Structure formats: structure tokens, C-alpha cells
Amino acid sequence: FHLSHKVTRVVPESALLIVLGLFLGGIVWAADHIASFALTPTVFFFYLLPPIVLDAGYFMPNRLFFGNLGSILLYAVIGTVWNAATTGLSLYGVYRTGIMGHLNSGLLDFLLFGSLIAAVDPVAVLAVFEEVHVNEVLFIIVFGESLLNDAVTVVLYNVFESFVTIGPENVTGIECVKGIVSFFVVSLGGTLVGIFFAFLLSLVRRFTKHVRIIEPGFVFIISYLSYLTAEMLSLSAILAITFCGICCQKYVKANISEQSSTTVRYTMKMMASGAETIIFMFLGISAVNPEIWTWNTAFILLTLVFISVYRVIGVVLQTWILNHYRMVQLEIIDQVVMSYGGLRGAVAFALVVLLDVDKVKEKNLFVSTTIIVVFFTVIFQGLTIKPLVQWLKVKKTEHREPKLNEKLHGRAFDHILSAIEDISGQIGHNYLRDKWSNFDRKFLSKVLMRRSAQKSRDQILNVFHELNLKDAI
């Protein structure tokens, strides 16, 4: 795939891998008549997902991410709850009309299915959007939403699964309040675990100057520990490892040597790329198993219609609210790409496979529908998003290092904007960023960075050193 750019320019790698998985699964099935391989939730959540999420968090453009955090959180939290509730309730409403025939499911089963099918997959989004090169703001909103949306989906899924377990007749108002509280506890708890391990990792890296050879190992071990600790405490493991990567990157990069930094970068990219390849291939292979297939045309088609329609409505409504508060408005074209970028993937599949067939009688129908949804969004939407972006003339990103002049003007504007916010009494994100930078410079950096790293952080000295180095070369 990597050698043939003509193919990957048209067909996303994720779609090619799914087709290859179907082909390999077909060969195995023809030979044995047994589905030997399947993507199990344990393998997915404990071995394949962590390296991908860590890679996304560690290489996250922090300034862009935190600058758009309000928008990302609105789409990830409110958008996910909206998609899950509307899809589940609409499917249940249509089922009550009798179009779908007889299904052994109640309202809670439909809401549980709605919660897992609302999982926008960061792996699929990243695989497609990195090839499309849309502008930074659009990319960070879609990618940030898909990353945090996963964590929200898993929490929602666990809430509805506990409701299904105790039975519809036992779901009282108190249980609903408990569910809402647990939603916030799990999400915020996972984030705090991630931040704690990020600081622990940064602190450990301060003292590895004389043992350079084991420096890269700490990044992977402590980050993975954050994931396992959050999982052990029944908190959001995805949020834990995401924020561990986001919060540690600045201090880790400052403390470690150039060789260790290169090792970390390439190892992380290799592990994430390998995990992505395995996930998409196994999605194809897992589908070649007649035992999991239960067909219901009305249910499958309506699921595809509802997830598409409600995503568009959700994006339009939320963007209309956001544009009243955003300096950089999200245009109609951006909203089309965001609505179209809701690719479903392995997270939804792993969650639906986790369902207990004794509690959810229609598990096989839910599994079959999820596979169809994943294949449709990754293959069809993945294939058509690039032509759509080109046709709509969406603003593309420019990959280049900003010039010294641009850096100086950018820094000056930051100070001017935070000063204006301070004078006018407005606490905006420029003011908050300025206060955080001061706190970081006075306290955090002194604790988490080596002396040598603190000195080398002076931007003007850095530029002077780079110019001298270029002259010498």
C-alpha cells in the first residue's frame, strides 16, 4: 500500500485493509469452515487501542487543542449524548410500529445500541483525515471530538449496560441520577489519573541523564500504567492515556536527548501504525463468520439513515450555538466535512461484541448492524471524503516551519490580546493561557525540567544557536 501511491491516493488505507481482511477471512473459512480469528474486546482495549491513543495524545498540537477545547468538548459530550439518545429512541419508535417485525428487545436495549453506535472512531478519522490535509482548526475539532467521544461512548455504554442488567422495572429516578453522576466521575477521574501520571513521567525523566538507554522505555511503561490504573479504578482509561500524552510531551521532549526523542517518536508511530493495521484487518476477518450474522433489512437501513441524519442535525445545531462565541467562525463547508467525518470503527465493534447474549437477546443483530455501519462509513465515506473536500474547496493546511518574523509577531499578538482581556475584565482563553504560561515558567518547569533544559527553552537563544549551526554547516 505504501509503495503504490496511485492506489492510496484514491482508496484510504483503512478501507484497503478491511477488504484484505475479508479476503483472508474468506480463505480461512473456505479451508476450515471455522472462523479461527476474531477481534476480541480484551485484545482491542488492552493491547491495540492504547498505542494509538498515546500516539494521538503525545503528538497532539497542544496550543490548537486547548484553544478549541470548548468546541471539542461540546461536540464530544453533548454531540455523543444527542446521537446516542436520538438513534436509540428513533429505532425503538420505528420498532413499535411493527416495520422491523418481532425483536426480543426493549427500550433500554435500543438505547444501549444507540450509545455504542455513536462511537466516532479516532483510528478511522485519523487514517482518512491525515490523507486529506484539511486546515488545522477543522482537523483538530474533528480529531479531538473523535478521541474524546470514544471515552464518552464507553462511559455511556457502561451506564446503559448496568441499566439493562438490573432490568427496566428497577430503573428509578435515583438510578438515573447515579448514572449521570458516574458519567462525570468516570470522565474527570480518568483525566486526573492521566495528568498525575504525566507529571510522574516528567519527574522521572528529570533524573535519567546518566541512563539514556532506558529513557524511551519510561515513556511507554508509565503511559501504559496510566491506562491500566484508570481501568483498574473503573475510570475512563482512554481519557487517562490521552491526557497523559498531552500533558507530558512538553517536559519529556525538553528533558530527553535527541537520540531518545527520535527513538520515542519512531517507536510510537510504528506501534500505532501496526495496531491500526491489525485492527482494520481483523475487522474484515471477523466479519467472515456466519454464526454472528442475523439480517433485518429495516433495522440495518434505518440505523444507517438515523446515524447520518442525526449527526448532521447535531453538528448544525451545535455549530450555530458555537458560532455566537467563536472568533473564527465554522462555515457551512466545515460543517459538511464535520458531518461527513463521523466514521465508525473498531470501538463500536469491540463494544457490541462485549454484550452479554443472556441480557441482550438480539446481540447478533446488533453485531451484524455494527459491522455493516463500520464497513459503510470507513469504505464508502472514506472513499468519497477526499473528492468531497476537493469539490467543496475546503481550505487546506500548509506544512511549514513559521519564520522568525512570524514567531515574533505571533508572540506579540498573544501578549496584546491577553493584555486587552485583562484591561477589559474579560477572562478569555488568551488571558488564561498567559496565566498558565506564567505559572508553568515559575513553578512547573522548575520542578519537572532539568536546569540545562530550562536554559535552552529561551526562544531567541535557540534561534541564534540554529543560525550559527546553519552557518557552520
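The legends below describe close-up views of a predicted model.

Local features are described where pLDDT is at least 70 and side-chain atom pairs at pLDDT 80 or more, whereas totals for chains, interfaces and linings use all residues. Residues are numbered from 1 along each chain as its sequence is written, and side-chain values use heavy atoms, with hydrogens and water left out.

**View 1. The two domains and the interface between them.** An automatic or database domain assignment sets the bounds, dividing the protein chain into domain 1 (8-392) and domain 2 (404-472). Their centres, taken over C-alpha atoms, are 34 Å apart, and 16 residues of domain 1 are in contact (heavy atoms within 4.5 Å) with 13 residues of domain 2. The buried area, meaning the accessible area (1.4 Å probe) that the two parts lose on being put together, summed over both, is about 1,300 Å², and carbon and sulfur atoms give 49% of it. In domain 1, the residues that lose the most area to domain 2 are R63, R206 and Y251, together 44% of what that side buries.

**View 2. A salt-bridge network of R63, D414 and R433.** A salt bridge is counted when a side-chain nitrogen of Lys or Arg lies within 4 Å of a carboxyl oxygen of Asp or Glu, and R63, D414 and R433 are linked in a network of such pairs. D414 pairs with R63, the closest N and O atoms being 2.9 Å apart, and the side chains of D414 and R433 also meet, at 3.2 Å from N to O. R433 belongs to helix 18 (residues 429-448) and D414 to helix 17 (residues 404-424), 19 residues apart, where helices are DSSP runs (H or I, at least four residues) numbered from the N terminus. D414 has a relative accessible area of 18% and is therefore buried, the classes being buried under 20%, exposed over 50% and partly exposed in between (1.4 Å probe, protein chains only); R433, at 23%, is partly exposed.

View 3. The expected span of a helix is 1.5 Å times one less than its number of residues, so the 18 residues of helix 10 (residues 215-232) should span 26 Å, which agrees with the 26 Å between its end C-alpha atoms. Its buried residues, including V219, F220 and Y227, pack against helix 3 (41-58), helix 9 (173-205), helix 11 (237-255) and helix 12 (258-287). E215, also in the buried set, has 0% relative accessibility and forms a salt bridge with R212 (2.8 Å, N to O), while R212 is partly exposed at 31%.

Terms used
Helices (H or I, at least four residues) and strands (E, at least two) are DSSP runs, numbered from the N terminus.
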